[in-house]
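Reader: I have a model open beside me and would like to go through it with you. Could we begin with the open spaces in it?

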Amino acid sequence: WSKVFIEFEGAHQVTDLWVNGRHVGQHSVSGYTPFHFDITEFVNHGEENLVCLKVDNRKRQDVPPDPGPFDYIKFSGLYRDVYLVETNPVHISFNWEDINAGIRITTPTVDPLNMNATINVETSVRNETDDPVECTVISRIIDADGLVVLKMKQTASIVPGSDYLFNQCSGIEENLHLWSCDDPYLYRVNSEVLVDGRAVDCLENRMGIRKIELNRHDGFVLNGKPLTMVGLNRHQQYPYVGDAVPDALHYKDVSQLKELGFNTIRTAHYPQDNALMDACDELGILAYEEPPTWIGVGDEAWFENYNEATRRMVRNHRNHPSLVVWGAGINHRGAVPNAHYILK
């Protein structure tokens, strides 16, 4: 048997899902962050299945960025990609589920002078069977030429109904390529999950190795060299299209900004499409991503959803080398300490 999910990159803004006439659940955190539903118990394998959605964009006081008014439009409906995901009962969890879920790739140390870097890959694997499993995770770091330059392997026993966090750490000491605005070199991190020697799941992330610093003398420093950040605010809608923008137009925006000499994009005023972050990674544009806000804040329920949306934003895009700044309510005309602590 297998697990079946429906994964949404985002929908405006409160989403109800039915499968074969049965209500699966509701998502009401935000219209700009990813979510998924487990529909394993609702589908009929080998048969035709009916999936129905209600996506409600009416104003709600508890769903950020409401309450308004706004200086931007929240278009309604299903406007980002949706995926039908089928996995083995032993599988990698979704990044946004909790702080340790999914795959987290970090570079604890990067030495631009001696050209070496430490690579840390954390992979959360869930066992949804009724039995303990002997599980192995193999993380392969693959360069732009398709060569495996680093391989890490770890085995552990996972008890039924639980998650296990595999933590693998090693380094690259030869032929290291750094990611920068002028040379956005990307590696691939291939994460393979095996049970009893048989592959049951595999995900792949891209990775850019760079060192970022902030200091009073030089400001923003990338790979040991001061860099003046020249950028603008970018909204996700397009004329005559609204928010349902194809990936190619996200790439087009970043490409044009690069040609004009910009090196930074701020996602005003909400998390944006995965395709935008991919384009920033590929083209060498620094990204500054904001949680869904404008100026007004709501009540306690609003802040609970805002906090969750902020966490989902970070967990969803944390592996992108282009992301160097997380926003924390800058449009509120003053610090929002709660947002800073959530991000940290």
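Reader: By class, what residues make up the lining of the second largest pocket?
Author: The lining of the second largest pocket has 12 nonpolar, 6 polar and 6 charged residues, where Ala, Val, Leu, Ile, Met, Phe, Trp, Tyr, Cys and Pro count as nonpolar, Asp, Glu, Lys and Arg as charged, and the others, Gly among them, as polar. Residues are numbered from 1 along each chain as its sequence is written. This is a predicted model, in which local features need pLDDT of at least 70 and side-chain atom pairs count only at pLDDT 80 or more, while totals for chains, interfaces and linings use all residues, and side-chain values use heavy atoms, with hydrogens and water left out.

Reader: What is the volume of the second largest pocket, and which residues are closest to its centre?
Author: The second largest pocket holds about 640 Å³ of space. It is lined by 24 residues, and Arg-104, Thr-106, Val-314, Arg-318 and Trp-326 are the closest to its centre. On a 1 Å grid over the protein atoms alone, a pocket is an open set of points with protein on both sides within 12 Å along at least five of seven lines, a cavity is a set where a 1.4 Å probe fits but cannot get out, and lining residues have an atom within 4 Å of a point. A volume is the space filled by probe spheres set on the points, which are joined across faces, edges and corners.

Reader: Let me move to β1: how many of its residues are buried?
Author: In β1, 6 of its 6 residues are buried, that is, under 20% relative accessible area, with exposed meaning over 50% and partly exposed in between (1.4 Å probe, protein chains only). Lys-3, Phe-5 and Glu-7 are buried on one side, and Val-4, Ile-6 and Phe-8 on the other.

Reader: Which strands is β1 joined to?
Author: Strand β1 runs antiparallel to β6, with 6 bridges between them, and Phe-8 stands opposite Val-82 in β6. It also runs antiparallel to β4 (residues 35–38), with 4 bridges, and there Ile-6 stands opposite Phe-37. Two strands pair if DSSP finds at least two bridges between them.

Reader: In what order do the strands of the open sheet with β17 come?
Author: The order is β16-β17-β18, with antiparallel pairing. Strands β16 (212–215) and β18 (225–226) stand at the edges, each with a single partner strand, so one side of each has no neighbour in the sheet.

Reader: Turning to helix α1, which of its residues are buried, and why do they sit on the same side?
Author: Leu-249, His-250, Asp-253, Val-254 and Leu-257 are buried in α1. They are on the same side because they cover an arc of only 140° around the axis, where the arc is that of the directions from the helix axis to the C-beta atoms. The exposed residues Ala-248 and Glu-259 are on the face turned away from the buried side.

Reader: Lastly, where are the cis peptide bonds, and which residues have a positive phi?
Author: The bond from His-12 to Gln-13 is cis, with omega near -15°, and Gln-13 lies in the loop between β1 and β2 (14–19). The bond from Ala-268 to His-269 is also cis, with omega near -5°. Phi is near 55° in Met-115, which counts as partly exposed at 28% relative accessibility. Phi is near 55° in Asn-175 too, and Asn-175 counts as exposed at 67%.

Notes. Helix = DSSP H or I, 4+ residues; strand = E, 2+ residues; numbered from the N terminus.
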